[in-house]
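Please consult the sequence and the structure alongside the text.

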Amino acid sequence: MRTALRLALACGLLALSVGASRADEVTLNAAHFTPAQNSFAQSFLKFVDKLNAAGKGVVQIKVRGGPEVIPPGQLGLAQKNGLIDMINAPAGQYLEIVPEGEAFSASTKLPQEIRENGGWDLMQKIFGEKGNAHLLAHVDAGTGFNIFTVDEPTRSEDGSMEWSSLKIRSSPLYRQFFETLGMTVIVLPPGEVYTSLERGVINANAYPVFGYKSFGWDKFTKWRVDPSFFQTDVLISMNKSKWDSLSPEAQKILTDVAIAHEQESLEAIRTENQRQADEMVAEGQKVFELEGKGREEFLAKAAKASWDRMETRDPTYVPELRKHFQN
């Protein structure tokens, strides 16, 4: 009887302990900016799986969905207001809230360098002040954006191409750059691009190679213009108030897993980006390479457009950001 009583008491205490552990576990609601089948969303879901494995009993992430849940352009505001705890989205999607986020795409340095030289801490401060956001990682970096065209580009005398014939779909991130080149710019969310290409509303598009094919856009855009410009600026971030409410243990798990995924995704995207580029070429897409002076001016204008826009919107942190994000 005594043995049975001790066993029952031990089981009861264990059940109470497990119940308390589960009660203490925090679940964070998250959303991503692309459809689930897209490469960027798939990368984020890998991060979620890693976090949920490492954070059992402490912190978990519940993914609520992608653009069907919150439109990409509203993710930053939804996070700032606490409607969603965590987002996977480019800084370029909420430049109206944190214009300095453009430094991520304008940067000539990789995420690890930014962390080591103090740039990450500076950006953490800015996002906290302006976006009520805590940054976890700059993921899927190390690659850039390309221009894709329906028709074969016409080469100009300087080795570039005739931009004025393009009616290009753009995001807010590179609108100003395209306008300086003389294109007709139409800002559209990714969900409207397929129909716009199909109907001839646009004859060009801009997006990373990584994930491009998943939208089906390669059916229409038979040319890719190289080189790429900017650097992909996808961030994993949290509502700062929610972050501050977490235990030190939960914060450490989130930080450690995020930094590890940041590096792993950098290495993975380089390989996958090349594989997807090769796949589209094998299926008939052709590459138009900018050359000579035209190529140099293209890249110079891309970099200048970003920093000029940051200066116009809020010059406060720009000199300091240049020191950390530019070579």
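Tyr 207 and Tyr 212 are both buried, where buried means under 20% relative accessible area, exposed over 50% and partly exposed in between, with a 1.4 Å probe and protein chains only. The model is predicted: local features need pLDDT of at least 70 and side-chain atom pairs count only at pLDDT 80 or more, whereas totals for chains, interfaces and linings use all residues. Residues are numbered from 1 along each chain as its sequence is written, and side-chain values use heavy atoms, with hydrogens and water left out.

**Aromatic pairs**

The structure holds 28 aromatic pairs. Rings of Phe, Tyr and Trp (its six-membered ring) pair if their centres lie within 6.5 Å; planes under 30 degrees apart count as stacked, over 60 as edge-to-face and the rest as tilted. Two of these pairs are tabulated below.

| Pair | Centre distance | Plane angle and class |
|---|---|---|
| Phe 177 and Phe 230 | 5.9 Å | 40°, tilted |
| Tyr 207 and Tyr 212 | 6.4 Å | 55°, tilted |

The pair of Phe 177 and Phe 230 links distant parts of the chain, 53 residues apart: Phe 177 belongs to helix 7 (residues 175-181), and Phe 230 to the loop between strand 9 (223-229) and strand 10. Helices (H or I, at least four residues) and strands (E, at least two) are DSSP runs, numbered from the N terminus. Phe 177 is buried, as is Phe 230; the latter has a relative accessibility of 15%. Phe 230 also shows a positive phi of about 60° although it is not a glycine.

**Helix 2**

Asn 38 caps the N-terminal end of helix 2, with a side-chain oxygen 2.9 Å from the backbone nitrogen of Phe 40. The 16 residues of helix 2 (residues 39-54) should span 22 Å at 1.5 Å a residue, and the distance of 23 Å between the end C-alpha atoms agrees; the expected span is 1.5 Å times one less than the number of residues.

**Individual residues**

Gln 79 lies in helix 3 and is buried, at 1% relative accessibility. Its contacts, not counting residues up to four places away in sequence, include Ile 84, Asp 85, Ala 133 and Asn 239. Pro 71, in the loop between strand 2 and helix 3 (75-80), is partly exposed, with a relative accessible area of 35%.

A cis peptide bond joins Asp 226 and Pro 227, with omega about 10°, and Pro 227 is placed in strand 9. Asn 132, in the loop between helix 6 (119-131) and strand 4 (133-138), has a positive phi near 50°.

**Overall dimensions**

The protein has 12 helices and 11 strands. Its C-alpha atoms fill a box of roughly 95 × 45 × 30 Å along the principal axes. Of its 327 residues, 52% count as buried.

Definitions and conventions. Polar contact = N/O pair within 3.5 Å; in protein donor to acceptor, adjacent residues only side chain to side chain. Contact = heavy atoms within 4.5 Å.
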